[in-house]
Amino acid sequence: VKDRDDELVEHVRRNRTAWNVAGAKYVVESDDVLEQVRDGQWTLLDEELQLLEQVLDRAPVVVHLQSGMGTDDIALAANGAALVIGVDFGEVTTRASAERARALDRGDAVTYVVADALDTPLTRGCADLVYTGKGALMWLPDLTAWAREAARLLRPGGHFFLYEAHPAAPLWTDDPDEAGLRADVDYFGGRRENDTFPATAIARFGDDDTPAAVEFQWPLAVVVNALLAHGFVLVHLGEYPEPFWKPRGHAAAWDGRLPNAFSLLARRAD
Ligand SMILES: C[S@@+](CC[C@H](N)C(=O)[O-])C[C@H]1O[C@@H](n2cnc3c(N)ncnc32)[C@H](O)[C@@H]1O
């Protein structure tokens, strides 16, 4: 167990270093993103708004695990959240997100904590809604610890929401004319060195010692079962052809026939 724990800690450490270096991108682009948020270019997806409508109507306290560039935090506050606490281990990113929230007069409703999403310093039961996703799960080496922390943060009866890349998406090839399967990706598990983002930002802002981030492959059943094992009741599971992010151009596999994103709404049992 100790070897396994050491390995998990090492993965989190390595990913934190990679993401902190890549965070420079968010600082460089911060003013542009500020204008884009003002223009209404960064909103929650229609599917998210539909699924979260009733929860957001009750002015929830939201904990956003792996809050990243923070645009969803502004959108959650704009759509009814009383308070959004973004949790991300990226110091550079969270600082840029906090500054942007203040510049948008959302400083009272959006705040940040620099921490590991698997082990946050937040109080048990502090959240009405734990929100996460859009490129979050693939960086986590342990979904049991993740589901346990989400359950700990939620008050009884509180909601958990995930909108995430579908675990099948890494299998699709980039051929724009024909859908195909990559031979080097295993749907059911494994890990791989990141070569998209944050790798592109590391090439720009990092040095030779900056490690590549590690991506983990979590099948849908593993995600769902991790939550069910920690006292969650499944409310909704959705699969969508449209990816929330198109890292490799637009492949034929993305033209409506294959899953590229999924949503999950669950409730913590009372
Ligand atoms: C692709 S970003 C997506 C985040 C967010 N959904 C967004 O739209 O920006 C992934 C984020 O996860 C964060 N991250 C990765 N592993 C983490 C961990 N163990 N604890 C906290 N944050 C983590 C990274 O710093 C990064 O900001």
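# Close-up views of a predicted model

**View 1. Helix 6 and what lies over it.** The buried residues of helix 6 (residues 143–153) are covered by a set of elements that includes strand 1 (61–65), strand 4, strand 5, helix 8, strand 8 and strand 9. As in every view that follows, the structure shown here is a predicted model. Nine of the eleven residues of helix 6 are buried, so that the helix is mostly covered; the buried ones are L143, A145, W146, A147, E149, A150, A151, R152 and L153. At the start of the helix, a side-chain oxygen of D142 comes to within 3.0 Å of the backbone nitrogen of T144.

**View 2. A226, a residue of helix 8.** A226 belongs to helix 8, which is made up of residues 220–228. Is this residue buried or exposed? With a relative accessibility of 10%, A226 counts as buried, because buried means under 20%. When neighbours within four places in sequence are left aside, A226 is in contact with L143 and A147, and both L143 and A147 are among the buried residues of helix 6. A residue such as K25 lies elsewhere in the model: K25 and A226 are 201 residues apart along the chain, and their C-alpha atoms are separated by 33 Å.

View 3. E48 is part of helix 3, which covers residues 46–57, and at 0% relative accessibility E48 counts as buried. Which residues does E48 touch, if those up to four places away in sequence are not counted? They are Y131, K134, F161 and Y163. With one of these, Y131, the side chain of E48 also makes a polar contact of 2.5 Å.

View 4. Strands of a sheet pair through backbone hydrogen bonds, and the pairing may be parallel or antiparallel. Strand 8 and strand 9 (residues 261–268) run antiparallel and are joined by eight bridges, and in this part of the sheet Y240 stands opposite A261 in strand 9.

View 5. How many residues surround the ligand, and which are the closest? There are 15 of them, and the closest are M69, D88, D116, A117 and G133. In the side chain of D88, an N or O atom is 2.6 Å from an oxygen atom of the ligand. Backbone atoms also take part: a backbone N or O atom of F89 lies 3.2 Å from a nitrogen atom of the ligand, and a polar backbone atom of K134 is 3.5 Å from a ligand nitrogen atom. The ligand has 600 Å² of accessible area on its own, and the protein covers 93% of that area.

Notes:
Residues are numbered from 1 along each chain as its sequence is written. This is a predicted model: local features need pLDDT of at least 70, side-chain atom pairs count only at pLDDT 80 or more; totals for chains, interfaces and linings use all residues. Side-chain values use heavy atoms; hydrogens and water are left out. Helices (H or I, at least four residues) and strands (E, at least two) are DSSP runs, numbered from the N terminus. Buried means under 20% relative accessible area, exposed over 50%, partly exposed in between (1.4 Å probe, protein chains only). Contact means heavy atoms within 4.5 Å. A polar contact is a pair of N or O atoms within 3.5 Å; within protein, one must be able to donate a hydrogen and the other to accept it, and residues adjacent in sequence count only if both atoms are side-chain atoms. Two strands pair if DSSP finds at least two bridges between them. A residue is near a molecule or strand if one of its heavy atoms lies within 4 Å of it. Accessible areas come from the Shrake-Rupley method with a 1.4 Å probe; for residues, only the protein chains shown count as cover.
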